[in-house]
Amino acid sequence: MYSEKVMDHFMNPRNVGEIENADGIGEVGNVKCGDIMKIYLKIEENIIKDVKFKTFGCGSAIATSSMATEMIIGKSIEEALKLTNKAVAEALDGLPPVKMHCSVLAEQAVKSAIIDYAKKNNIHIDGLEDIKIDDDHDHHHDIEEE
Amino acid sequence: MYSEKVMDHFMNPRNVGEIENADGIGEVGNVKCGDIMKIYLKIEENIIKDVKFKTFGCGSAIATSSMATEMIIGKSIEEALKLTNKAVAEALDGLPPVKMHCSVLAEQAVKSAIIDYAKKNNIHIDGLEDIKIDDDHDHHHDIEEE
Amino acid sequence: MEKRNIYMDYAATTPVKKEVLEAMLPYYHDLFGNASSVHVFGRGVKGALDKARDEVAKLINADSSEIYFTGGGSESDNWAIKGVAFANKDKGNHIITTKIEHHAVLHTCEYLEKHHGFEVTYLNVDEDGRINLEELKNSITDKTILISIMFANNEIGTIQPIKEIAQIAKEKGILFHTDGVQALGNIPIDVKDLGIDLMAMSAHKIYGPKGVGALYIRKGVKLHSIIHGGAQEKRRRAGTENIAGIVGFGKAAELARIHLDEHIEKLTKLRDKLIKGVLEKIPYTRLNGSLKHRLPGNANFCFEFIEGESLLLSLDIVGIAGSSGSACTSGSLDPSHVLMAIGLTHEIAHGSLRLSLGDMNTEEDIDYVLEHLPKIVERLRAMSPLYEK
Amino acid sequence: MEKRNIYMDYAATTPVKKEVLEAMLPYYHDLFGNASSVHVFGRGVKGALDKARDEVAKLINADSSEIYFTGGGSESDNWAIKGVAFANKDKGNHIITTKIEHHAVLHTCEYLEKHHGFEVTYLNVDEDGRINLEELKNSITDKTILISIMFANNEIGTIQPIKEIAQIAKEKGILFHTDGVQALGNIPIDVKDLGIDLMAMSAHKIYGPKGVGALYIRKGVKLHSIIHGGAQEKRRRAGTENIAGIVGFGKAAELARIHLDEHIEKLTKLRDKLIKGVLEKIPYTRLNGSLKHRLPGNANFCFEFIEGESLLLSLDIVGIAGSSGSACTSGSLDPSHVLMAIGLTHEIAHGSLRLSLGDMNTEEDIDYVLEHLPKIVERLRAMSPLYEK
Ligand SMILES: Cc1ncc(COP(=O)(O)O)c(C=O)c1O
Ligand SMILES: Cc1ncc(COP(=O)(O)O)c(C=O)c1O
Ligand code: FES
Ligand code: FES
């Protein structure tokens, strides 16, 4: 069901862990839904110098966290904000349809870590105010009952 | 589904045919139900000298007609009246449950031929008045619907 | 000619083709997993289900997503009819069907009448077994929620004017279900072109396994489930998937599609030879059903003065397997409701014989039947009190 | 230890045993006839059906005539519940079941509530997963027409006090159905002694084929059919019989009966070793279900701080096939309703793992799991934001 890339990032996740005194921390998801993603950022001069993550969740949640950290490391904040869940999923050679929402989690975790950074440092970043983090994200339920 | 005896009497029925100027003719069954049995008797001095039958019906109807004619030939009328459908079925090594009613037809055909003989000759035979020939005999229908 | 074993009861059921069985076998032991499982035993299986669904879809020009696997043709008929009826109870309670449906449709309708407050119109058919489109139109009321008319009849092989029926249903906004069990794999079916909303199918009539069927449900058609439970078949039909069976159905559908033209050509030729021969050689014989609108493999006769079971039995003895009425009803001794509906009298209907041809039949089989059948009919007639020469 | 392929998902489905498949094969091609037919192709088949029915009956000490073959466990559950409900609508509209039933029961009950005016009480269970008999008694009203309580649970393996439940139902004149799908072939079942009125069964859980099941209907119990049509199964369940499948079910039932004692002994031993090992080696682990009233092959754990799918995936990589929640619901991402009902919190319920053992498992398999599982759990915990060492 998962691509080789997903399995690789699931089995050998990049950037697992925490950053002490991180400049920004984002946590999304909901333990009730079975998924929590936590992203730690080290930011220097607007550049993401280091990223770590911890994830409680399904295989796809772990793989997308891992991929998302790889995709933003070394990037500027503005570039990191452009990261979409679709881009993460594509970088993993796709996800099964019912697992697309796990990549949304990864996108939102990154964004909420940046929001945290902005708040802590009281800086303004263009477009940040438009971002909505939805903790109670919809879990897929098939529609056609009966 | 049928015993070898039934198959034998079906394939090589004994006493098929008609008797011209028969002393008694019995016809039972109902063309609507898919079965008619006609029995011809030649009777001399209270003894059944000859029997013939014609049957429109299932394999078991043909076999029971054939067996019934064999069982009464040479018998006295009183003996022939004692012929039961069970005896015919047993003589054929049994019939499938849904086919038992075909043997009833054979018993009744014999009886109605004897009634005809009694009527034609205006003689009284003990027990004859008790016999009821039911032309619209029940066809098996399984009971448990729904 | 020596004794043979000739099967001419393909309309009752067909043998599973070798290629079909071969396709099925791996799924009993090596690839036995549950299609819904994450692990390797389950994963291999999901692709096989998808492929089978594609093949069934292709055979009738449906989308894959419109095919739902079931436990057989009867379940599919029940699902379509009860499912639509229960889902539309508030819109209306009237169903239209015909007098010559398979019992899976008839008894379902009767059940809905008796226990769930529905009203059913059973359309007449003409002596060929075809419905009258005017009668159909006239029987529609503003309470009509479903029209269920079989594609082709199992006993007499008559094919209905499906496209015209679908058109009428569509104009009135009524759902149209057709029992396609006999038509599938025997004539071309294009559900999109024909405008069918629901169609019941069964694998064992097209050289697939028994106990597997499908319901075509046009995208957007709403109906209640009849088997609730797990999330299989997009939550519309619960139950661990019968993977081997479904794979077999898929393979059978693929073979049916590939060989459809030659299948039709071959069976039509054999059937015409059989019908011609029987009518020529046996007097007091009637061909039931339509000459023109007829399934390629179906021949159905009535031989006056004799009864069907004794005929079948005699044929069986010389190695010819046919049927009388429909096999499903042989527990009952009433004459076929289909033969009654095309206007036969009881006595004639009792003497019916269906010889349904299939892929394993040959010209020689037909010759063999044409040699034996006349003798058998004559022998039984000679015993019949109804027959006066 | 090198990599293996270890199947521990027997509660989801089982492979078809060699003897079972061998018994089935003749019925695909040589003996393919319709069981209702008169001719030689059909005749051979009737006896095979009878024999299979006898074998299933023997396994549960029923009469042969009380066994009705269906298209699987889900159909059997649906039939029992809807059949009784619809047949007794005028007596009452209340059904009692539990919160931990299989979806084939739960969703059927929900459907009857939503669309057919029935009311359903869903009984609670204690932390072992057992119902409270007093609560059952108290929930009975004069409108109660059916009690449906599963024999043994598919996720946590808990066995209910069936005899006591049947007794209560009988005293009140209420029909009692039990979903016996998981219990069949895994513990002794005597429907007569237990006083069961209806019991659903499925072949593919006892090393038989998928897509075949049965419903035990005690003599005299009345219920509506859910698949109407032909006269099969004494007119109570229509559809051309899936002969190969039914024969396979019969053979599987025979093998299950003959080997029941050793099967139980072997699986109990393996299971206890597994449970003991896991609880010893892995901290923050909970065994779900009852220690005493438990299916021989069932082990179900929750590992705190991790999530089930990533656990399954990791196990799959080292060749261990287990499941999380029930396979049927893996389309949904909610935690198991059974684990919630025994009082677990969402986060813990998400970290569940069911390893269900069967005839092909060995001691070495358990050793292998006990070697790999702790490492996998530890690896996932190290990634989890919930886990603070
Ligand atoms: C307890 C229980 N009931 C019912 C079913 C449904 O059986 P089937 O998959 O044969 O429809 C299952 C298994 O899936 C089960 O474990
Ligand atoms: C026209 C028709 N409909 C429905 C069915 C029922 O199909 P199944 O036997 O697969 O349940 C049959 C055959 O038995 C049939 O010929
Ligand atoms: S994180 Fe919810 S299923 Fe993947
Ligand atoms: S005579 Fe009626 S079935 Fe035999």
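In which sense do E3(D) and E4(D) pair, and over how many bridges? The two strands run parallel to each other, joined over five bridges. One residue pair to look for here is D:Thr97 and its bridge partner D:Tyr122 in E4(D). To get from E3(D) to E4(D), the chain passes through H5(D), and this β-α-β crossover is right-handed. Please keep in mind that the model is predicted.

Chain D has an open sheet of seven strands with mixed pairing, and their order is E2-E8-E7-E6-E5-E3-E4. Strand E2 (67-70) and strand E4 (119-123) of chain D are the edge strands, each pairing on one side only. From one strand to the next, the twist averages 20 degrees.

Elsewhere in the sheet, strand E5 (residues 144-148) and strand E6 (residues 175-179) of chain D also pair in the parallel sense, here over three bridges. If you follow D:Ser148 across, you will find D:His177 of E6(D) standing opposite.

| Helix (chain D) | Strands (chain D) | Angle |
|---|---|---|
| H3 (residues 40-59) | lies across E2 and E7 (198-202) | about 110 degrees to E2(D) |
| H5 (residues 103-116) | touches E3 (94-98), E4, E5 and E6 | about 145 degrees with E4(D) |

Helix H5 of chain D, then, packs on the sheet and also carries the chain from E3(D) to E4(D).

Technical notes
Residues numbered from 1 in each chain as written. Chains lettered and ligands numbered in written order. Predicted model: local features only at pLDDT ≥ 70, side-chain atom pairs only at ≥ 80, totals over all residues. Heavy atoms only, no water. Pairing = 2+ DSSP bridges. Helix = DSSP H or I, 4+ residues; strand = E, 2+ residues; numbered from the N terminus. Axes fitted to C-alpha atoms, helices over the stretch in contact; angles between N-to-C directions. Contact = heavy atoms within 4.5 Å. Right-handed = clockwise from strand over helix to strand, strands pointing away.
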